[in-house]
Amino acid sequence: MNHNHPVFTDNDPQEELVTLNLGPTHPATHGVFQNVLQMDGERIVSGVSTVGYIHRAFEKIAEHRPFYQITPLTDRLNYCSSPINNMGWHMTVEKLLKIEMPKRVDYLRVIIMELSRIADHIICNTIIGQDTGATTTFLYLFQFREHIYEIFEEVCGARLTTNIGRIGGFERDFNEVAFTKINKFLKEFPVALKEFENLLNRNRIFIDRTAGVAEVGKETALDYGWTGPLLRATGIDYDVRVSDPYSSYQDFDFEVPVGTSGDIYDRYLVRNEEMWQSLRIIEQSLEKLKSEPKGIFHADVPEFYLPPKQEVYNNMEALIYHFKIVMGEIDAPKAEIYHAVEGGNGELGFYLINDGGRTPYRLHFRRPSFINYQMFAPMSEGMLLSDAIINMSSMNIIAGELDA
Amino acid sequence: MEQTTLNNDIHVKLVEKFGEKVTAVSEPYGLLTFVTYTDVIHNVLLHLKNELNFNFLTDITAVHYPEKDHGIAVVYHLNNMVERVRIRVKVFIAEKHPTIPTATTIWKAANWMERETYDFFGVKFEGHPDLRRILNMDDLGVHPMLKQYPLEDPNRVDKKDEFFGR
Amino acid sequence: MSEINIVDAPPGTEGPGYFATSLDKVIGLARANSLWPLPFATSCCGIEFMATMGSHYDLGRFGAERLSFSPRQADVLMVMGTIAKKMAPVLKQVYIQMAEPRWVMAVGACASSGGIFDTYSVLQGIDEVIPVDVYVPGCPPRPEAILDGFQRVQDLVKNESGRRRHSDYYKDLLGQYGIK
């Protein structure tokens, strides 16, 4: 294509609209989304979003994998908080198999899920800071994400795509080092989070850039299917942890923070407050663990939970179970089931249809990023380009979850 | 138990309004599920939203049953946030003419969900403002989630079946 | 304060008041320690790259703290994450826009081989569309592995001829991918 072709126009350049191709590899979008925007100067007149640049056909793969092999796929949905996805999937299958989980496993899961919620919110909020010009926040708070990863490493051996736990519980018990690290994190993180808030919460520049930008009303948010911190910032206290408690969340005392106007500042505040609430939940969970019998880290369901390798070599029964689970011959009821968990970005749902075969007949993920993101183009209309960029970072759209 | 009485109420109200059009009612894992038909689905959804307070559209997707006459089930999940009830609505449509009225006029969220369903299953949502592929490439040519299409890229030459025991 | 390391001088002849070595080596030394990476981050590996750039692991120690989001100024294309077939032409376009000399790093299983996603929509390794110099295994690789891969690129840069682009081998290689 010849890039130097002459352009003939009689129109006044002041009245012409410019087409701006934002993405798919634009550094400001933090992911692979394309937005073709019609610009009038700095203002966006209209936009069209194109997604699917990392579509990996998860739902098709899931139809070809036995249940326990689907966990690694869920890792790669919202990779900023993979443990929530892993456990959401495990709980879906446990619900299908009607497995009664021991309280201790539930509490351990809650610790891991809340830690990953903090990791997720750290990314989002520091990126909002970064995009408004405060790089310090990003560099500073990111080290605490490393500390969370160290805890995950201690529990499961991996940092980011954790594949944490098994259907029926955990693969192994938390060791002493893991608890030491969690306690250390609980002591150090609040100090840093407080400093982070001091840097931004009352910062004139930050408030000017975010308050009153991209306001969203309650009705609009519900109409567009928003969930998670975005919906709560508009003032609706919908949280799956409260409305549909899973993993014994009903045993915990925590608050669901809500905003008023749904603008970027409110979303930032809601996420920050959720981090404080997550810390509270973890503390309560550690307290509750003290009164639980030690050493229980999975439900007593030998027909669904992989036996330890030592047993497999020395015990006939364990060998049979091992074989049956690995070959996918578990006795799962023919049923359909919808299970939702509160992911980092909102309601993460698993719609599973089982026909009694080796693999799911159909597995559909309700991915909050996908549903939240469709409002981006319509709400950008009339916005300044620089505001639209922060708006996108405050929506915390994760490309992996968006495209599945 | 509380859930069941609530579900019964909803069921009774739905049958009152739509009569025989509400069929195959079941309650797997406490979630009220029923099947309805393309001619009334729009009214059913509207009724659920406005009269029975199912104000939130959680999800739209589809399932393919190649052996059935009406082989594609479009599945709607709705949520009543106030009373904390979920409901599942299914419509079976023919694989040859997979058309169903759009829900975009009721919820804006339906837009991309329906585009995704169209992309994967080829379900044509009548009245959808912009029914294009969303995740796959425009020139893919097939609707890949239908059961007859393989998972792997059929054009690959570097994978020999004999090494995979096929 | 930690000690500041300075790279060793390349082998050469030294005497009072002079130091002689080949130009290639000096240029290689300078290039290797001031590479500007273009992070082409699509998914999970991109998050690990963020950790690599962060204060904990700090890619800046290797002279690469200056990320170049414009392909024109970039030296190393770091492809991190799954490349779907929809994305492949974009990736190729970015590579074509880069000026010589240019190197490519495929970070993670997906970029190297398609990883666990053997599906109709995923490119089975970026070497189907562009030539790759260094592959980093892992799903995702740990930041240490990314750093190691980066050092392998540095080794290449140090030891490669400054006239690589004129070699027949290189021209043939690009020709296979239909890149002029």
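Modeller: A quick rule before we start on this predicted model: an angle over 145 degrees between N-to-C directions counts as roughly antiparallel.

Biologist: Happy with that. Why are α2(A) and α3(A) called roughly antiparallel to each other?

Modeller: Helix α2 (residues 67-75) and helix α3 (residues 82-97) of chain A pack at an angle of about 150°, their axes 8 Å apart. The cut-off is over 145 degrees, and therefore the two helices are roughly antiparallel. Their crossing is right-handed.

Biologist: Which residues make the contact of α2(A) with α3(A)?

Modeller: From α2(A) come F67(A), I70(A), T71(A), T74(A) and D75(A), and from α3(A) come S82(A), N85(A), N86(A), W89(A) and V93(A). By type they divide into 4 nonpolar, 5 polar and 1 charged.

Biologist: Now to the sheet. What makes β2 of chain A and β3(A) a pair?

Modeller: A pair needs at least two bridges, and 7 bridges join β2 (residues 34-40) to β3(A), so the two count as paired. They run antiparallel, and M39(A) stands opposite I44(A) in β3(A).

Biologist: Why do β1 and β3 of chain A stand at the edges?

Modeller: The open sheet has the order β1-β2-β3, with antiparallel pairing. β1 (18-22) and β3 (43-50) each have a single partner strand, so one side of each is left without a neighbour in the sheet. From one strand to the next, the twist averages 20°.

Biologist: And how many residues does each chain bring to the contact between A and B?

Modeller: Chain B gives 26 residues and chain A gives 30. On the chain B side, β3(B) supplies the largest share, 6 residues. That side divides into 15 nonpolar, 6 polar and 5 charged residues.

Conventions
Residues are numbered from 1 along each chain as its sequence is written. Chains are lettered from A and ligands numbered from 1 in the order in which they are written. This is a predicted model: local features need pLDDT of at least 70, side-chain atom pairs count only at pLDDT 80 or more; totals for chains, interfaces and linings use all residues. Two residues are in contact if their C-beta atoms, placed from the backbone, lie within 7 Å. Helices (H or I, at least four residues) and strands (E, at least two) are DSSP runs, numbered from the N terminus. Ala, Val, Leu, Ile, Met, Phe, Trp, Tyr, Cys and Pro count as nonpolar, Asp, Glu, Lys and Arg as charged, and the others, Gly among them, as polar. Axes are lines fitted to C-alpha atoms, for helices over the stretch in contact, and angles run from 0 to 180 degrees between N-to-C directions. Angles under 35 degrees count as roughly parallel, over 145 as roughly antiparallel, 65 to 115 as roughly perpendicular and the rest as oblique. A crossing is left-handed if the near helix is turned anticlockwise from the far one by less than a right angle, and right-handed if clockwise.
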